[in-house]
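User: I am new to this structure. Please take me through its pockets and cavities.

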Amino acid sequence: MKEKEIIYKVSELNFEIKNLLKNSFNQVWVEGEISGFKKSSLNHFYFDLKDENSIIACVIFKWFQNEINFDIRDGILVRVLAEVGTFERQSKYQLIIKKIIPLSLGKLQIEFEKLKKKLEAEGLFDEKRKKPIPPFPQNVGVVTSLYGAAVRDIISIIKRRAPNINLIIYPVMVQGEKAALEISNAIKEINEKLPYIDVLLVGRGGGSIEDLWAFNEEIVARAIANSRIPVISCVGHQTDFTISDFVADLRAPTPSAAAELVSKNASDLIIHIKQIEKRLISALKIIYQRLFQRFSIFINSGVYKNPLVLIENRAMIVDEMVEKMLRFMDDKLKNRENLFINLKGRIKNLDPKIPTKKGYAIATKNKKTIKKASELKEGDDINIIFSSGSTDATVKKIYTEDL
Amino acid sequence: MKKDNSFELKLKKLEEIVNKLEDENTPLEESIKLFEEGVNISKELNEKLIEIKGKIEVIKKDAQGKINLEELKDI
């Protein structure tokens, strides 16, 4: 062994190879056909790219999958941008793909487009063919697997939102070779033997396009189209479109959404009734308040608090009347008194002796006041009254003329 | 509930009753009668909609291909 020769440890060599590959092929475009596509449990994609003679392992890590907008599956021709990486531990190399562009449609995609065109031409997707979904279905049929997430979601949503609905589940295989036949037979059989069913949910939970493929089969599409019972398709996720979706009377984006669709009205109705009940109760409270108001006006009234008020009121009225009467009498008496005083005054003024106080005298004959000289004859006896005292006199001469 | 007009009619009646109850001009004596009627109707509606529990049945086929419905009890 010469001194200059380098002796590597296995790991050292692998490390060197890794660097060599990485530096030489860190940005390469490669074209090939996809084969052996697999999704790992951590959602990284693994497959091979191949041509007529050769094959190379590939991986698309989860963080490079965002921009992929087509179904990666076996048989598709693609162009990829990748670096060549190695697993040092196993001395295997592979393409670590950063970008992938489809160059051809896969076999399944071609079939899908072909069937879609054919059925569309037959008018199977026409809006006017679509049957209305009954607003309050009582019996809801479900054609799906008994073991998938779909059936569990449907049951729990219906039970919660419209517990009065009867669910009739027709268990079928939803993937694999027999799936399409089982699904289409189930739809036919329900139509024939369980005609009381109001609406049919046909579908399954999410999966790859291969998993969902049964719902792209012509036999299933035709069974749905021929169903007398309205069909709601619910296959996979929001983004998955199948032939069944186009031909169904209504497409629900997921099985849960289908369950919500059939239970929505009943659920709304339950909520509506609950609200009316609340209003009913609060109306009762208001009626009670109104009653209480009436009652409290009564119990706060004087009569209720002090029944004597009834008598007191009357007593007061009597009192008042007596008072009025007395006042009336009083007034009358006062008037009389005034009248009397007035008369007294007037009588005073009538005293015949008043002029005598001013020096006049009053002459009388037979106690009658003499007003004119002509009333007298010579020799008559007269009496003359002064302011104090009087005298008798005899008439000597009469002068009828005034002085 | 399909073809069940009485349900819709009863619901409408219940709505009318509540509207009347909420109207202050409705005499008290009438209100109390209406309330009783309303409670009865809402009870009926509830019985129909909520208290009648739907069944969950699974279709099983026997050897002759005859369909049987088997109730799923514990889900």
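User: What volume does the second largest pocket have?

Analyst: This is a predicted model, and the value is computed from it. Lining this pocket are residues that include A:Ala363, A:Ile370 and A:Tyr399. The volume of the second largest pocket is about 220 Å³.

User: How many residues in the lining of the second largest pocket are charged?

Analyst: Lys counts as charged, along with Asp, Glu and Arg. The lining has nine nonpolar residues and no polar ones. The charged residues number three.

User: Which element gives the most to the lining of the largest pocket?

Analyst: The largest pocket holds about 610 Å³ of space. Its lining has 26 residues, and among those closest to the centre are A:Phe70 and A:Asp240. With four residues, the element that gives the most is α2(A).

User: Which class has 11 residues in the lining of the largest pocket?

Analyst: Polar residues number nine in this lining. Charged residues number six. The class with 11 is nonpolar.

User: What is the volume of the largest cavity?

Analyst: The structure holds one cavity of 30 Å³ or more. Residues that line the largest cavity include A:Leu124, A:Arg129, A:Val247 and A:Asp249. By class, its lining has four nonpolar, no polar and five charged residues. The volume of the largest cavity is about 50 Å³.

Terms used. Residues numbered from 1 in each chain as written. Chains lettered and ligands numbered in written order. Predicted model: local features only at pLDDT ≥ 70, side-chain atom pairs only at ≥ 80, totals over all residues. Heavy atoms only, no water. 1 Å grid on protein atoms, 1.4 Å probe; cavity = no way out; pocket = protein on both sides within 12 Å on 5 of 7 lines; lining within 4 Å. Points joined across faces, edges and corners; volume = space filled by probe spheres on them. Helix = DSSP H or I, 4+ residues; strand = E, 2+ residues; numbered from the N terminus.
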